[in-house]
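This report describes selected local features of one protein model. Please consult the sequence and the structure shown below.

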Amino acid sequence: MPLQRRLPKRGFKNHFSIEFAVINLKDISKIQDVDLITPEVLAEKGIIKNFKNGLKVLGDGEIQKPLTIKADAFSASALAKISAAGGKAEVI
């Protein structure tokens, strides 16, 4: 019997999937003295080290001040919380 029939199959890896580096709103709210949040600012502050295929902002937590956040993707709850605080979400 050939070797490929004797070995078990081990799942599936989608080579076309897009894997984002994620950050929550509670982590963004800890950043002080910055009104424009970009991936470069997050790398400079040491919050995210590996951006993979982009940055996605998730809606866990709250933000109190109006911020402009630039990222590759946003969750629906993050968009709602950013706009409720008077901020802006921009897709780059």
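**Setting of D72**

Where is the place of D72? D72 lies in the loop between β4 (68-71) and β5 (73-74); strands (E, at least two residues) and helices (H or I, at least four) are DSSP runs, numbered from the N terminus. The model is predicted, so local features need pLDDT of at least 70 and side-chain atom pairs count only at pLDDT 80 or more, whereas totals for chains, interfaces and linings use all residues. Residues are numbered from 1 along each chain as its sequence is written, and side-chain values use heavy atoms, with hydrogens and water left out.

D72 is partly exposed, at a relative accessible area of 29% (buried is under 20%, exposed over 50%, partly exposed in between; 1.4 Å probe, protein chains only). Beyond its neighbours within four places in sequence, D72 is in contact (heavy atoms within 4.5 Å) with F20, N53, G54, L55, V91 and I92. The side chain of D72 reaches the backbone nitrogen of L55 at 2.9 Å.

**The open sheet**

Three strands form an open sheet in the order β1-β3-β5, with parallel pairing (two strands pair if DSSP finds at least two bridges between them). β1 (21-24) and β5 stand at the edges with a single partner strand each, so one side of each has no neighbour in the sheet. Strand β3 (residues 55-58) pairs with β5 over two bridges, and F74 in β5 is the bridge partner of V57.

**Positive phi values**

Most residues other than glycine have a negative phi. D33, in the loop between α2 (25-28) and β2 (36-37), has a positive phi near 65° and is exposed, with a relative accessible area of 78%. K52, in the loop between α3 (39-45) and β3, has a positive phi near 55° and is partly exposed, at 46%.

Methods:
A polar contact is a pair of N or O atoms within 3.5 Å; within protein, one must be able to donate a hydrogen and the other to accept it, and residues adjacent in sequence count only if both atoms are side-chain atoms.
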